[in-house]
Amino acid sequence: MENGDNLNQDFQSSLEGAGITIQLEAFQGPLDLLLHLIKREEIDIWNIPIAHITEQYLEYLRVMKDLNINVAGEWLMMAATLIHIKSRMLVPQEPGEDAQAEEEEDPRKELVYQLLEHQKFKNAAEMLYTREEVENAVWNKPPSDVLEDGSEVVAVTLFDLLRAFNEVVKRFEAQQLMEVEPEEVTVEQKIEDIRRRFLVHDQLLFSSLFREARSKRHVIVIFLALLELVRLREIWLYQKKAFDEIHINKLKESS
Amino acid sequence: MQAILEAIIYVAEDPVKMEQLKEVFPEESAPDIENALRSLVESFNARPGGMLIREVAGGYRMTTRPEHHEQIRAYLKTRPGAKLSMAALETLAVIAYKQPVTLAEILAIRGKKSSTALQTLLERKMVAIVGRKPVVGRPILYGTSKEFLIHFGLNSLADLPTLEEFAQIAGEQL
């Protein structure tokens, strides 16, 4: 198992959760493993000792299984390919064939090209990695919403909205108006009510909408109506600066 | 004009393109705008300031200089953003150089399934569906997006080193 421990380290495997799943970090696929073996053993890619490499490859596969790593189909496919190449290498060459034909028929050729192709894209990925590093170190001006009059505004987050709502509720509770509404207003009615207001106004204050509220339920109905209108993209909410009063603006009908 | 160009590049959200500048200066000829732009970039980047004008995704964009990233990050109190995994970068490299490309073609080059990496790239808008290959099954073709160029600070795909360069390095490595 000494050998296995070694390989284990090589894998840089890490136990995840209950120790059932192991994530392979070092090797992403069979081609990566082969490239790793070739580099480690300083093997000439144009003359891969296929029997030796196959043996090493299968050894890794065994360790992966021991470690409970889910060996995907492509790993077994590569094992089959290696064994196939190995067996073809063992077939004695027919006498009389010229050197040219021998070269053409090297059973390793396709695998070698595949490995070189893979290494090529690994290098390209390294280049992207470096570029990403550089790009992560620069900033450009973050986009800011600009009002038509040119003043910059801050988008209202859900937290701002909840805070504002909470303030309204608190203010309402402090007033202790226990008047019972003759008719219960519905969210639909409130939406229509706000739409009517925007026929006359382009802008309203969040707090002004709640002034007429006569019950806690009414406050909630107004709040829900606002949320619905935001969802329908009929209005939008903004602040002149963070934690400032919330303004409500009508959004132009998108044609 | 240079001062105006500088101001426009400053307020722009996306890299500013020549076509947009032509609209701003209808009286000026395209070569004149280009010349003004070129000397602006040259003089702006030559001064020892904190900003740079860079050519990104076919346009001009003002950014901070990379060498100041530590102090900027300290001020903004941010950590570096989530980087793409090596698997995602490899998949992206294949797409960038082989586009338009199908998932099966990516598999052939990477020698392993790449659907998870591809999903990540689609979610992060680095990659987009560009069509379907006119073969049996009409598999989806993928290509890189403008976001890809911006993310990696590229002006165009032509900015990427050629694959031959990587092949040469690969030959030396193996």
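## Chains and elements

Helices (H or I, at least four residues) and strands (E, at least two) are taken here as DSSP runs, numbered from the N terminus. By that rule, chain B has nine helices and four strands. Reading chain B from the N terminus, the order is α-α-α-β-β-α-α-α-α-β-β-α-α. Chain A holds ten helices and six strands.

A word on conventions before going further. Residues are numbered from 1 along each chain as its sequence is written, while chains are lettered from A and ligands numbered from 1 in the order in which they are written. This is a predicted model, in which local features need pLDDT of at least 70 and side-chain atom pairs count only at pLDDT 80 or more, whereas totals for chains, interfaces and linings use all residues.

## Confidence in chain A

The predictor's confidence in each residue is its pLDDT, on a scale from 0 to 100. Chain A averages 75, and 71% of its residues score at least 70. Within chain A, the mean is highest in α6(A), at 91, and lowest in strand β1 (residues 14–16), at 39.

The pLDDT is below 50 over residues 1–23 of chain A, a stretch with 27 contacts beyond near neighbours in sequence. A contact means that the C-beta atoms of two residues, placed from the backbone, lie within 7 Å. Residues 146–150 of chain A also have a pLDDT below 50, and that stretch has two contacts beyond near neighbours in sequence.

## Burial and contact range

Burial is judged by counting other C-beta atoms within 10 Å of a residue's own, all placed from the backbone: 20 or more is buried, 12 or fewer is exposed, and in between is partly exposed. Of the 255 residues in chain A, 23% are buried. For chain B, with 174 residues, the figure is 27%.

In chain A, 62% of the contacts between residues at least 6 apart in sequence join residues at least 24 apart. In chain B, residues 24 or more positions apart account for 49% of the contacts with a separation of 6 or more.

## The nonpolar cores

A nonpolar core is a set of buried Ala, Val, Leu, Ile, Met, Phe, Trp, Tyr and Cys residues joined through C-beta atoms within 7 Å. The largest has 30 residues, and those with the most contacts inside it are B:L92, B:A93, B:I95 and B:V127. At least two residues each come from α6 (109–135) of chain A and from α5 (86–98), α6 (103–110), α7 (115–123), α8 (146–151) and α9 (163–173) of chain B. The largest share, seven residues, is supplied by α5(B). Another core lies apart from this one, with 18 residues that include A:Y57, A:Y60, A:M64 and A:I85.

What does B:I95 touch, leaving aside its neighbours within four places in sequence? The partners of B:I95 are B:V101, B:I106, B:V127, B:Y142, B:G143 and B:T144. As background, nonpolar side chains tend to be buried together in soluble globular proteins.

## Where the chains meet

The contact between the chains takes 33 residues from chain A and 37 residues from chain B. On the chain B side, β2 (59–64), α4 (69–76), α5, α6 and α9 each supply at least two residues, and α5(B) gives the most, with eight. That side divides into 22 nonpolar, eight polar and seven charged residues. Here Ala, Val, Leu, Ile, Met, Phe, Trp, Tyr, Cys and Pro count as nonpolar, Asp, Glu, Lys and Arg as charged, and the others, Gly among them, as polar.

One helix pair across the contact is worth a look. The axes of α6(A) and α5(B) are 8 Å apart and meet at an angle of about 110°, so the two helices are roughly perpendicular. Axes are lines fitted to C-alpha atoms, for helices over the stretch in contact, with angles from 0 to 180 degrees between N-to-C directions; 65 to 115 degrees counts as roughly perpendicular, under 35 as roughly parallel, over 145 as roughly antiparallel and the rest as oblique. On α6(A), the residues involved include A:F121, A:L128 and A:Y129, and on α5(B) they include B:L89, B:L92 and B:Y97. The residues of this helix contact are eleven nonpolar, no polar and two charged.

## Backbone details in chain B

A cis peptide bond joins B:Q99 and B:P100, with omega of about -5°. B:P100 sits in the loop between α5 and α6 of chain B.

B:K125 is in the loop between α7 and β3 (127–132) and is partly exposed, with 13 other C-beta atoms within 10 Å. B:R138 is in the loop between β3 and β4 (140–144) and counts as exposed, with 11 C-beta neighbours inside 10 Å.
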